[in-house]
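Walk through this model one piece at a time. Keep the sequence beside the structure as you read.

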Amino acid sequence: MLVIRRRPGEVLLVGDNVEIEVLDSSPSYVKLGIRAPKSVMVMRKEIQITREQNLEASHAVAASSSVKQLLDSLKTAKP
Amino acid sequence: MASLASSSFKDSGSGDCLDRLDLDFPQGLPGFETSRRFVLQLQTALAPIATLQSTEQSSSEVCFLVVPVALLVKDYSLLVTREDLRTLGLEEDRQPQAPAPGTLSNVLCLAILTVPKDGPITANLLAPVVVNLATRVAVQAVRADTAYSHRHPIATLHATGEASC
């Protein structure tokens, strides 16, 4: 991983047309400004992770055997 | 009566459909940004697992399995961004509490399950679905931290205390 030390107001270039500016920083966060063409997708990584997880989860088959097992586990756990 | 408003979704009713709620996701969900309207249904055969199905014509095949977070982990601590709190119409300066098992609350906190073809069922605790029960507005509240996994393995659901309602 490339590690660069930057201060607020300083800018990084990524490729030919992406600029990342450090706007502000505190001990607990960094505020970044990103200039990129519309064709470049910019999103928080956790949104991307959730997006992929949602796509995988979105065609739920409630009748599957693993769901049945899970429900059985609940019944046996009941006092 | 079993109710969606009870955080444990205890199955104690009769009939096929124990409860249903029409929900509005103003922002959609990541990957399904244009799907706003969903119906959350709790059916006898699946309780305490509920289904969250899109009612939009363009995405009516989209259906998630969800379960109250309280049945998966004890004392789940919500971390909802200000934007999401604003969408939900909740106070922006106070984190809502995930309801404890068997209690009533003004919010629902649900985890989306992933059921792979092979391998264990997992729950997305990185991004729980949070519902404001007063308005039926919902968001998938993606956490900015890494306190919980998007693939939390679940072998069993915890049996919980008596459901109120």
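A residue is called buried here if 20 or more other C-beta atoms lie within 10 Å of its own. By that rule, buried residues make up 45% of the 165 residues in chain B. Keep in mind that this is a predicted model.

Start with the layout of chain B. This chain has one helix and eight strands. Along the sequence they follow the pattern β-β-β-β-α-β-β-β-β. Of the contacts in chain B with a separation of 6 or more, 58% are between residues 24 or more positions apart.

Next, look inside. The largest nonpolar core has 52 residues. Those with the most contacts inside this core are B:Val66, B:Val67, B:Val69, B:Ala111, B:Leu113 and B:Val130. Several elements of chain B give two or more residues to the core, among them strand 1 (17–24), strand 2 (37–43), strand 3 (50–54), helix 1 (82–88) and strand 7 (137–140). Strand 4, strand 5 and strand 6 of chain B are also on that list.

Now focus on strand 5 of chain B. Eight of its eight residues are buried. In general, side chains in a regular strand alternate between the two faces of the sheet. Here both faces are covered. One side carries B:Val107, B:Cys109, B:Ala111 and B:Leu113, and the other carries B:Leu108, B:Leu110, B:Ile112 and B:Thr114.

Which strands does strand 5 of chain B pair with? Strand 4 of chain B runs antiparallel to strand 5, and four bridges join the two. Within that pairing, B:Val66 stands opposite B:Ile112. Strand 6 of chain B is also an antiparallel partner of strand 5, over seven bridges. There, B:Leu108 has B:Val131 as its bridge partner.

Two residues show how this region is packed. Take B:Leu113 and set aside its neighbours within four places in sequence. Its contacts are then A:Ala57, B:Leu65, B:Val66, B:Val67, B:Ile121 and B:Ala123. One of these, A:Ala57, belongs to chain A.

The second residue is B:Ala123, in strand 6 of chain B. Is B:Ala123 buried or exposed? It has 28 C-beta neighbours inside 10 Å, so B:Ala123 counts as buried. Beyond residues up to four places away in sequence, B:Ala123 touches B:Val67, B:Leu72, B:Ala111, B:Leu113, B:His152 and B:Ile154. B:Asp93 lies 30 residues from B:Ala123 along the chain, and their C-alpha atoms are separated by 28 Å.

Turn to the contact between the chains. Chain B contributes 31 residues and chain A contributes 25 residues. On the side of chain B that touches chain A, strand 4 (63–68), strand 5 (107–114) and strand 6 (122–132) each give two or more residues. By class, this side of chain B has 22 nonpolar, eight polar and one charged residues.

Finish with chain A. Three of its strands form an open antiparallel sheet in the order 1-2-3. Strand 1 (11–14) and strand 3 (30–35) of chain A each have a single partner strand, so one side of each is left without a neighbour in the sheet. Neighbouring strands of this sheet are turned by 25° against each other on average, direction ignored. Strand 1 of chain A pairs with strand 2 (residues 18–25) of chain A over four bridges, in the antiparallel sense. A:Val14 stands opposite A:Val18 in strand 2 of chain A.

Note on methods
Residues numbered from 1 in each chain as written. Chains lettered and ligands numbered in written order. Predicted model: local features only at pLDDT ≥ 70, side-chain atom pairs only at ≥ 80, totals over all residues. Contact = placed C-beta atoms within 7 Å. Nonpolar A, V, L, I, M, F, W, Y, C, P; charged D, E, K, R; others polar. Buried ≥ 20, exposed ≤ 12 C-beta atoms within 10 Å, placed from the backbone. Core = buried A, V, L, I, M, F, W, Y, C linked by C-beta atoms within 7 Å. Pairing = 2+ DSSP bridges. Axes fitted to C-alpha atoms, helices over the stretch in contact; angles between N-to-C directions.
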